[in-house]
Amino acid sequence: MSKLQNRSLKRFVQYAALVLGCSIPVYYFILSQLWQYELNEHNIVLTAKAVREDSFLIIGAVTGLTVLFFGLLLAGLVLLNRRLGRKLWTPFYDSLSRIRTFDLQQHKQIRFADTDIDEFAELNTNLDKLIGSAISAYTQQKEFADNASHELQTPLAIVQSKLDLLLQSRPLTQEQYDLIEDAHKALTRVGRINKNLLLLARIDNNRYGEATSIALTTLLQTTLEDFEPFLKERQMAVGAKLDEPVTVQGNRELVTILVHNLLSNAIRHSAAGAAIFVQLSPGLLEFRNAGRVPLHTGRLFQRFGTVSSETPGTGLGLALVKQVADRYGWTVAYHFENGQHIFSLRF
Amino acid sequence: MRVVFRMFSKSLCSFGVMKILIVEDEPDLAASIGAYLSDEHYRCEFAADYATALEKIDLYAYDCILLDLMLPGGSGLKLLEELRAQQKQDGVIIISAKDAIEDKVAGLQTGADDYLAKPFHLPELAARVHSLIRRKQFGTTNVIEQNELKIDLLAKTVTVEDREVVLTKKEYDLLLLFVSNRNKVISKSAIAEQLSGDMADMFDSYDFIYAHVKNLKRKLQEAGYGNYLKTLYGTGYKWVI
């Protein structure tokens with residue numbers, strides 16, 4: 001083990017010493033040769049002019065040599081630095097690429113390669129710790145969501161049953177009945193939210209393993225049929241342009257939820273008597289419905305991102321869509337065009 | 001905690017009093033179910049843990065067992081396996097907080113007749129119990145008769161004085177819900193849940209219920225059936241007989 005900086009510094013010092021060491025005999029040799037040559041040529045008697053010439057010559061030679069050696073030194077340093085750097089930083093780039101592929105959702109701990117450099121070893125140890133605690137916090141949170149929604153089902157069932165019983169008591173005034181019915185309504189909503197939270201937690205926890213080939217065209221047709229009574233109820237028309245056969249790889253239950261949520265989203269946010277368009281082509285599924293103003297896209301696909309008093313849904317429908325899409329590497333997007341809300345799914 | 005309801009005594013001797021075993025460790029929920037179901041036709045018994053349930057199943061035969069899956073002392077599925085291994089034909093409806101498809105499939109494959117996820121409406125449970133008991137009791141000729149009204153559960157046809165009343169699927173489901181919850185007040189939200197099934201979470205307005213109930217009422221009255229379906233408190237309904 002040695003310090004990163006010491007390593008490179010040591011090599012640089014070694015190289016510089018070597019170059020300087022080599023230059024001493026070379027300087028000496030060349031200067032003495034020059035001196036000898038001058039003595040012979042001028043018969044020892046040195047005129048003031050000769051002295052001047054000599055010094056000019058020597059200065060010129062020394063400058064040239066220095067430049068030469070400096071160039072050598074520089075080129076060597078650059079080359080060395082590049083080679084050493086590549087070798088020295090390998091563990092760092094290695095760790096970096098491993099972190100880059102890390103996905104918290106898959107909660108797989110990263111194995112870092114062993115290194116004999118202090119800083120990198122310390123970095124890896126700490127990254128290891130950090131990732132470990134992130135994974136455990138994430139797992140705990142997911143389990144918590146799962147367990148919490150699960151534990152809520154029974155008390156919800158109790159409240160529901162008590163309300164159903166209360167409804168049977170006599171005499172019941174209109175006011176009391178309305179109170180019970182209001183409580184019922186709120187309870188139903190809590191139940192739905194809880195159910196969707198459970199679904200999200202279950203997807204998070206990878207409880208939906210099996211992916212099969214699903215005929216999306218058929219699935220859309222049956223979903224549209226399922227919605228038929230509700231569409232009729234609201235006097236809405238559906239324009240469907242479905243290419244066939246389009247298939248996707250995924251879990252049937254999840255893909256059904258995705259299609260169901262996108263469609264019901266379009267229905268729910270349309271006025272009675274409006275029309276909805278569904279278009280399916282290989283790799284693209286689009287739902288369009290008329291709208292006046294674009295939606296705020298910021299929190300559209302986040303859990304409880306769209307809850308408001310005007311949209312009394314669970315606030316989880318689109319989050320579920322996104323979660324399913326993410327799971328299979330599909331992209332779901334929203335844009336507003338020509339007075340239409342368009343939700344598109346690319347797979 | 002074991003609660004045993006004995007709120008009926010006089011009509012026990014009349015034709016078939018159905019015995020129902022409620023296997024549920026949550027005493028509040030068990031008591032509610034018992035109170036709602038118990039009448040002159042049903043008698044409810046309770047088991048709050050695995051051992052008690054096993055003992056009761058060994059000793060008696062029940063027309064219907066309402067089975068929670070997570071019990072102190074063992075799993076409900078295990079109990080179900082035990083029951084089927086003994087070749088007992090008791091009808092079983094699983095009532096569980098688990099509502100994933102695989103849980104349902106596992107339950108039905110182990111031999112349950114029906115699966116109802118918590119939380120549920122009591123009228124919905126009553127309808128399931130009613131239809132299960134009828135299925136078990138009257139295998140091939142399963143006809144509910146009420147005065148001049150006849151509902152053939154197998155053919156899914158409804159007749160009044162031998163004249164067929166043509167109902168939509170939703171109206172038929174509604175009629176069954178009412179008939180199996182007679183003399184009980186059923187709220188709008190319970191009906192919505194029953195009518196829309198999985199779609200319930202998509203629609204917030206209960207307006208569509210009115211249309212269905214109104215149509216059902218009209219069709220029955222046109223066929224000459226008495227006005228048994230009463231509207232209560234504006235939005236609740238009661239099948240009075």
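Student: Where is A:P171 found?

Tutor: A:P171 sits in the loop that runs between α3 (118-166) and α4 of chain A; helices (H or I, at least four residues) and strands (E, at least two) are DSSP runs, numbered from the N terminus. This is a predicted model in which local features need pLDDT of at least 70 and side-chain atom pairs count only at pLDDT 80 or more, while totals for chains, interfaces and linings use all residues. Residues are numbered from 1 along each chain as its sequence is written, chains are lettered from A and ligands numbered from 1 in the order in which they are written, and side-chain values use heavy atoms, with hydrogens and water left out.

Student: And the peptide bond from A:R170 to A:P171, cis or trans?

Tutor: That bond is cis, with an omega near 0°. Most peptide bonds are trans, and most residues other than glycine have a negative phi. Chain B also has a cis bond, from B:K118 to B:P119, with omega near -5°, and B:P119 lies in the loop between β7 (114-117) and α5 of chain B.

Student: What about phi, then, say for A:N338?

Tutor: A:N338 is a residue other than glycine with a positive phi, near 50°, and its place is the loop between β6 (331-337) and β7 (340-346) of chain A.

Student: How far apart are the end C-alpha atoms of α4 in chain A?

Tutor: They are 45 Å apart, which agrees with the 45 Å that the 31 residues of helix α4 (residues 174-204) should span at 1.5 Å a residue, because the expected span is 1.5 Å times one less than the number of residues.

Student: Which domains does chain A have?

Tutor: Chain A is assigned domain 1 (4-101), domain 2 (143-204) and domain 3 (212-346), with bounds that come from an automatic or database domain assignment. Taken over C-alpha atoms, the centres of domain 1 and domain 3 of chain A are separated by 72 Å.

Student: Switching to chain B, how is that one divided?

Tutor: Chain B has domain 1 (10-137) and domain 2 (143-239), whose C-alpha centres lie 25 Å apart. Their contact (heavy atoms within 4.5 Å) takes 10 residues from domain 1 of chain B and 13 residues from domain 2 of chain B.

Student: How much area do those two domains bury?

Tutor: They bury about 1000 Å² between them, 55% of it on carbon and sulfur atoms; buried area is the accessible area (1.4 Å probe) that two parts lose on being put together, summed over both. On the domain 1 side of chain B, the residues that lose the most area to domain 2 are B:Y36, B:H121 and B:R134, together 44% of what that side buries.

Student: How many salt bridges are there between them?

Tutor: The count is zero, a salt bridge being a side-chain nitrogen of Lys or Arg within 4 Å of a carboxyl oxygen of Asp or Glu. Over all chains, the search finds 18 salt bridges. In chain A, for instance, A:D326 and A:K322 meet in one at 3.1 Å, N to O, and these two residues are four residues apart in helix α7 (residues 317-327), about one turn of the helix.

Student: What about the interface of chain B and chain A, how many salt bridges there?

Tutor: The rule finds one across that interface, formed by B:D99 and A:R202, with the closest N and O atoms 3.0 Å apart. On the chain B side, the elements that give two or more residues include α1 (27-37), α5 (122-137) and α8 (207-222), and α1(B) gives the largest share, five residues.

Student: How many residues are in contact overall, and what is the buried area?

Tutor: In total, 44 residues of chain B are in contact with 39 residues of chain A, and the area buried between the chains is about 3800 Å², with carbon and sulfur atoms giving 59%.
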